[in-house]
Amino acid sequence: MRVAERTTYDGGTPAGVPTEPSVPTATPPYRRRGVSREGLEAGRRSTRALLWVLLAAAMVLYGFPFLYLLFTSFKTPIDTIAVPPTILPREWTLENYANALGRNGVLASFINSVQTAIISTVLSLVLAVPAAYGITRYQTLSGRIFIMGALVTRMVPPVAIGIPLASMMAAVGLADTPIALSIAHTTISLPLSIWLMSSFFEAVPKDLEEAATVDGCSRLGALWRVVIPVVSGGIAVTAIFAFLASWNEFLFALLMTAIRSQTTPVVIANFQTQFGLDWGSMTALAAVYSIPVILLTLLLQRKIVAGMTLGAVKG
């Protein structure tokens, strides 16, 4: 009886079993270029650090004027006109805030500014939302011409239409009223509002409206129940821009108001003494006037971010 021969292999493949061909391992790109992983990571860190430095520099350049205004509001009257000027107050005081807020007409100007900005913002949204929706959904030639014409009106200097608007408002009995000033401010914010809302509506798929119409909604019902909630972030962004356009406007307020409806920017410009401009009171009131806008932006921060990124996932 023959004994079958056994052949053993030290860790190898048994005889008769085919071996799989070896697959060459791809060389990482940074090794093909002669760059090590450590060098690549160091380059990324340096790029990231450079971006942070540029961001910090931009924030300093952008925020320094406001910080200088804020520090000036706490200076004494002598320090506000010192030559050379100093950034930080030598002596901190609240005298400027007391003088500014204690003047006649300041509280009334704040109320006028709030009323005018709210009315102008509401008018801009009421007119811009249906206009932008119609332009983006029907996409007619007249709609494209309309939105281009709206953008062209932004190029017209406000002084060119300020005097005719003031004459028209006086002719209809609306001179020196918040309503007249709100209508004038709407002419500034409405073109930008239409353009912004058009970009937000374009990011909403039409399938959502078609599904709503299948469920029994009308065109108006689909707009109100489906599209408006989706673009709520865009509406918040548009409202912020419209509010700021009215809140910071000076020329129309100067031309169209006298006493009853003067806004705070006009009142700030009238802070004068026998020696010149009262810089301390002006900066103090300007700092207080900035608080509502800052708070509004912080409260709507999430909506603003959602609106700015609304079209990022389109398609």
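Start by selecting helix 8 (residues 178-202) and helix 11: their axes come within 9 Å and cross at roughly 160°. Axes here are lines fitted to C-alpha atoms, for helices over the stretch in contact, with angles running from 0 to 180 degrees between N-to-C directions. Helix 8 is therefore roughly antiparallel to helix 11, a label used for angles over 145 degrees. The model is predicted: local features need pLDDT of at least 70, side-chain atom pairs count only at pLDDT 80 or more, and totals for chains, interfaces and linings use all residues. Residues are numbered from 1 along each chain as its sequence is written, and side-chain values use heavy atoms, with hydrogens and water left out.

Next, show the side chains between the two helices. From helix 8, His185, Ser189, Leu192, Ser193, Leu196, Met197 and Phe200 meet residues of helix 11 that include Gly234, Ile235, Val237, Thr238 and Phe241; contact means heavy atoms within 4.5 Å. By class, this contact has nine nonpolar, six polar and no charged residues. Ala, Val, Leu, Ile, Met, Phe, Trp, Tyr, Cys and Pro count as nonpolar, Asp, Glu, Lys and Arg as charged, and the others, Gly among them, as polar.

Now select Val106, Phe110, Trp247, Phe271 and Leu285, which touch the most other members of the largest nonpolar core, a set of 18 residues. Such a core consists of buried Ala, Val, Leu, Ile, Met, Phe, Trp, Tyr and Cys residues joined through side-chain atoms within 4.5 Å. Buried means under 20% relative accessible area, exposed over 50%, and partly exposed in between (1.4 Å probe, protein chains only). Elements giving two or more residues to this core include helix 5 (106-138), helix 11 (232-247) and helix 14 (279-299). Helix 14 gives the most, with eight residues.

Centre on Trp247: beyond residues up to four places away in sequence, Trp247 touches Ser113, Val114, Ala117, Pro265, Tyr289, Pro292 and Val293. A second, separate core has 16 residues, among them Leu125, Ala132, Phe200 and Phe201.

Move to Ile87, in the loop between helix 3 (77-80) and helix 4. Ile87 is partly exposed, with a relative accessible area of 43%. Leaving aside neighbours within four places in sequence, Ile87 is in contact with Phe64, Tyr68, Phe71 and Lys75.

Finally, zoom out to the protein chain, which has 15 helices and two strands. These are DSSP runs numbered from the N terminus: helices are H or I, at least four residues, and strands E, at least two. Of the 315 residues in the chain, 35% are buried.

Definitions and conventions
Parallel < 35°, antiparallel > 145°, perpendicular 65-115°, else oblique.
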